[in-house]
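Here is a guided look at one protein chain, written for someone new to reading structures. Keep the picture beside you and find each part as it comes up.

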Amino acid sequence: MTLYVGREASKLWKRVCTETSTEINLLLENWKYLLAGLVFQKSQAYFCLQYVHGLAARGVHYLHQPGPLLQDVGFFVLPELGQDKAYISETLFTFIFISFILWSFHPFILKGKKIYTVLVWCRVLAFLVASQILRIITFYSTQLPGPNYHCREGSRLARLPRPDGVLEVLLINFPRGIVYGCGDLIFSSHMIFTLVFVRTYQKYGMRRWIKQFIWCLAVVQSLLIVASRKHYTVDIVVAWYTVNLVVFFIDKKLPEMPDRSGATSSLLPLNIKDKDSRTKEENHKLLNGNSGDPADRRLRTQLNGKTLEDGNMGHLDAAMNGSV
């Protein structure tokens with residue numbers, strides 16, 4: 001038993017070291033994109049500092065004018081949870097956030113892997129940055145009276161006094177200024193993160209039941225946000241179609257991420273020009289009758305003057321067995 005545990009621990013440590021080396025190489029190639037994403041973002045109450053977006057949200061709070069709640073279909077349909085149950089939507093969001101982070105780092109531990117962690121986060125940060133830019137433009141265009149309890153008339157947090165200096169604005173009163181912000185409504189930042197994570201797993205995840213489950217969680221998250229009176233229904237509706245369109249168009253512009261699920265998967269070039277040149281080089285080798293990959297030569301077998309690829313090897317074996 002001790003020998004088995006020691007052998008498995010050794011395999012796990014070797015896997016972690018190999019994956020770390022691969023991811024570090026990717027990080028060195030893509031550090032600019034990751035740094036730009038981290039600088040742009042602000043903490044969603046718990047995690048990494050998304051500073052620029054937080055600064056914009058803090059600024060719109062100075063412009064916020066509390067008033068009566070706007071007429072909203074979601075407020076009529078969904079019962080109000082109340083201040084004492086406002087934590088429910090935050091708990092679900094935290095679960096989605098942590099689950100996605102753990103999944104994105106699973107290649108370091110598990111054998112079955114389809115993604116590179118660094119490349120996944122490059123794409124995720126690109127989606128988040130584009131969505132947050134659109135969000136900033138939107139909530140500065142029109143300020144709505146906040147539906148949250150601390151943003152309503154009579155609350156001392158609904159309006160901010162004029163800042164004493166630039167430093168007070170730049171510090172954004174973290175973390176209290178983030179948790180008790182007002183005015184940054186259209187569209188929901190919680191739904192930006194939720195939908196980006198769901199869309200990313202939808203494309204790169206391997207478990208069908210998890211894909212169906214997280215889409216259900218996204219719907220439940222939407223309903224809980226409205227029931228908690230943290231956003232109007234329009235904030236959620238706009239987030240659903242805006243984020244999905246952002247992910248759709250940006251994903252088409254980004255080079256496709258290499259798939260690691262196959263046994264012969266390799267780290268493909270990230271640059272489209274490099275990818276095209278590599279394809280031309282491989283085609284040239286094939287036309288000359290010699291492939292640069294010895295494994296590829298082994299996969300080809302000649303039978304009756306025809307070249308069989310890997311997908312036809314099963315038919316070849318069957319034919320050979322039948323002739324014996």
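Helices H8 and H9 are roughly antiparallel to each other, because the angle between them is about 170° and angles over 145 degrees count as roughly antiparallel (under 35 is roughly parallel, 65 to 115 roughly perpendicular, and the rest oblique). H8 covers residues 189–204 and H9 covers residues 208–227, and their axes are 10 Å apart. Two packed helices are described by the angle between their axes and the distance between the axes. Here an axis is a line fitted to C-alpha atoms, for helices over the stretch in contact, and angles run from 0 to 180 degrees between N-to-C directions. Helices (H or I, at least four residues) and strands (E, at least two) are DSSP runs, numbered from the N terminus.

This is a predicted model, in which local features need pLDDT of at least 70 and side-chain atom pairs count only at pLDDT 80 or more, while totals for chains, interfaces and linings use all residues. Residues are numbered from 1 along each chain as its sequence is written, and side-chain values use heavy atoms, with hydrogens and water left out.

**Where H8 meets H9**

Which residues of H8 meet H9? They are His 190, Met 191, Thr 194, Leu 195, Val 198, Arg 199, Tyr 201 and Gln 202. On the H9 side, their partners are Ile 210, Lys 211, Ile 214, Trp 215, Ala 218, Gln 221, Ser 222 and Ile 225. The residues of this contact divide into nine nonpolar, five polar and two charged. In this grouping, Ala, Val, Leu, Ile, Met, Phe, Trp, Tyr, Cys and Pro count as nonpolar, Asp, Glu, Lys and Arg as charged, and the others, Gly among them, as polar.

Thr 194 belongs to H8 and counts as buried, at 0% relative accessibility. Buried means under 20% relative accessible area, exposed means over 50%, and partly exposed lies in between (1.4 Å probe, protein chains only). Leaving aside neighbours within four places in sequence, Thr 194 is in contact (heavy atoms within 4.5 Å) with Phe 93, Ile 96, Ala 218 and Gln 221.

**The nonpolar core**

Now for the inside of the chain. A nonpolar core is a set of buried Ala, Val, Leu, Ile, Met, Phe, Trp, Tyr and Cys residues joined through side-chain atoms within 4.5 Å. The largest one has 44 residues, and Val 124, Val 196 and Phe 197 touch the most other members. Helix H4 (87–104), helix H5 (117–141), H8, H9 and helix H10 (233–253) each supply at least two of its residues. H8 gives the most, with nine residues. Beyond its neighbours within four places in sequence, Phe 197 is in contact with Ile 96, Phe 97, Phe 100, Trp 121 and Val 124.

Setting aside its neighbours within four places in sequence, Val 247 is in contact with Phe 127, Val 196 and Arg 199. Phe 249 is also found in H10, but Phe 249 counts as exposed at 52% relative accessibility.

The table lists pairs of residues with their separation along the chain and their C-alpha to C-alpha distance.

| Pair | Apart in sequence | C-alpha to C-alpha distance |
|---|---|---|
| Thr 194 and Phe 93 | 101 residues | 7.3 Å |
| Arg 58 and Cys 182 | 124 residues | 8.2 Å |
| Val 247 and Ala 130 | 117 residues | 9.0 Å |
| Phe 249 and Phe 127 | 122 residues | 9.7 Å |

Arg 58 sits in helix H2 (residues 51–63) and is buried, with a relative accessible area of 8%.

**In the loops**

Arg 229 lies in the loop between H9 and H10 and has a positive phi of about 60° although it is not a glycine. Arg 229 is buried, with a relative accessible area of 5%. Asn 148, in the loop between H5 and helix H6 (166–171), is in contact with Arg 229 and Lys 230, leaving aside neighbours within four places in sequence. Asn 148 is buried too, with a relative accessible area of 17%.

Phe 187 is found in the loop between helix H7 (176–179) and H8. The peptide bond from Ile 186 to Phe 187 is cis, with omega near 0°.

**The whole chain**

Stepping back, the chain has 13 helices and two strands. Of its 324 residues, 40% count as buried. Among contacts between residues at least 6 apart in sequence, 75% join residues at least 24 apart.
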